[in-house]
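Please keep the sequence and the structure in view while reading.

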Amino acid sequence: MLDELKIPQEVFELALELDFYLGADFSIFLRLNHRDVKKIHFFSPNFLPEIKFKTKNIHSLFQTIELKIFQFDDFRIYFIRYPHKVISMSNILIDEFFVRVQSMYDDFCVKINMALNSEDKIEFLENISDIFSILTHLGDFDFKSYYLRKYGFEFTKDMFDDLMNMLVSISPEDVEEFLRKNRIYFSFDFPKVSERIFKFLSR
């Protein structure tokens with residue numbers, strides 16, 4: 001799989017060596033294969049050490065002790081200090097190499113926050129497609145308890161309202177642009193996607 005995606009194995013080996021785990025876009029893709037992703041997020045509760053890759057063409061874009069960003073071809077690779085609890089983790093075998101990933105419940109909580117902090121409508125729809133895919137896979141679960149357990153504070157009505165307002169702001173033209181720019185492997189019927197998310201989060 002890594003050969004098909006053209007991502008150097010060194011990226012995952014170094015993440016494991018430095019005690020990072022995989023979450024968000026690529027973590028979800030590995031299990032659901034729901035859309036093409038170009039962002040790889042590694043998380044750790046610790047401040048970040050210096051990171052150097054031997055592989056050519058992995059370029060550093062930004063580095064602090066809390067965030068490091070690299071570019072490889074059209075992939076953006078993030079190493080993020082993320083001092084929040086992990087509900088659970090598991091190992092996924094990729095080409096005879098184990099990768100640590102956070103649970104789908106963790107990914108759902110992270111993706112809710114990423115949706116709320118989206119930089120534009122395309123990024124928002126990417127996050128919404130991930131949220132919907134996880135929800136389709138997991139079915140109903142006690143999201144608010146998981147969220148409180150992970151972050152130590154509640155998913156509030158204001159957060160819910162903000163997310164719903166962002167959903168309402170999406171036009172058919174926004175959806176068309178999103179679908180042009182993303183390869184989606186499921187039927188992305190935006191009204192149904194919005195309705196499913198609304199019903200789940202409003203419980």
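The largest pocket holds about 490 Å³ of space. On a 1 Å grid over the protein atoms alone, a pocket is an open set of points with protein on both sides within 12 Å along at least five of seven lines, and a cavity is a set of points where a 1.4 Å probe fits but cannot get out. Grid points are joined across faces, edges and corners, and a volume is the space filled by probe spheres set on the points.

The model is predicted: local features need pLDDT of at least 70, side-chain atom pairs count only at pLDDT 80 or more, and totals for chains, interfaces and linings use all residues. Residues are numbered from 1 along each chain as its sequence is written, and side-chain values use heavy atoms, with hydrogens and water left out.

**The largest pocket**

- The lining of the largest pocket is made up of 19 residues, and those closest to the pocket centre are H41, Y78, I80, M114 and E123. A lining residue has an atom within 4 Å of a grid point.
- Two or more lining residues come from each of β2 (39-44), β5 (75-81), α4 (104-116) and α5 (121-138). Helices (H or I, at least four residues) and strands (E, at least two) are DSSP runs, numbered from the N terminus.
- Helix α4 supplies the largest share of this lining, four residues.
- The pocket lining has eight charged, seven nonpolar and four polar residues. Here Ala, Val, Leu, Ile, Met, Phe, Trp, Tyr, Cys and Pro count as nonpolar, Asp, Glu, Lys and Arg as charged, and the others, Gly among them, as polar.

**The cavity**

- Rolling a probe the size of a water molecule over the atoms shows where empty space is left.
- One cavity of 30 Å³ or more is present in the structure, and the largest cavity contains about 40 Å³ of space.
- F12, A15, L16, F20, Y21, F42, F97, F98, V99 and R100 line the largest cavity.
- By class, nine residues of the cavity lining are nonpolar, none is polar and one is charged.

**Strand β4 and its partners**

- Strand β4 (residues 67-72) is largely enclosed by the rest of the structure, because five of its six residues are buried. Buried means under 20% relative accessible area, exposed over 50%, and partly exposed in between (1.4 Å probe, protein chains only).
- Strand β3 (residues 58-63) pairs with β4 in the antiparallel sense over five bridges. Two strands pair if DSSP finds at least two bridges between them.
- S60 has F70 of β4 as its bridge partner, and the hairpin that joins β3 to β4 runs through three residues.
- β4 also pairs with β5 in the antiparallel sense, over six bridges, and L67 stands opposite I80 in β5.
- The hairpin formed by β4 and β5 has two residues between the strands, and D73 in the turn has a positive phi of about 50 degrees.

**Salt bridges**

- Side chains of opposite charge can pair when their charged atoms come close.
- The whole structure contains 18 salt bridges, each being a side-chain nitrogen of Lys or Arg within 4 Å of a carboxyl oxygen of Asp or Glu.
- R31 and D107 form a salt bridge in which the closest N and O atoms are 2.8 Å apart. This pair links distant parts of the chain, with R31 in helix α3 (residues 25-32) and D107 in helix α4, 76 residues apart.
- R31 is partly exposed at 28% relative accessibility, whereas D107 is buried at 0%.
- E123 and K39 meet through their side chains in a salt bridge of 3.6 Å, N to O. The two lie 84 residues apart in distant parts of the chain, E123 in helix α5 and K39 in strand β2.
- E123 counts as buried at 19% relative accessibility, and K39 as partly exposed at 23%.
- Leaving out residues up to four places away in sequence, E123 touches K39, N117 and S118, where contact means heavy atoms within 4.5 Å.
- In the salt bridge between E50 and K52 the closest N and O atoms are 3.4 Å apart, and both residues are exposed.
- A network of salt bridges links D25, R35, K111 and D130.
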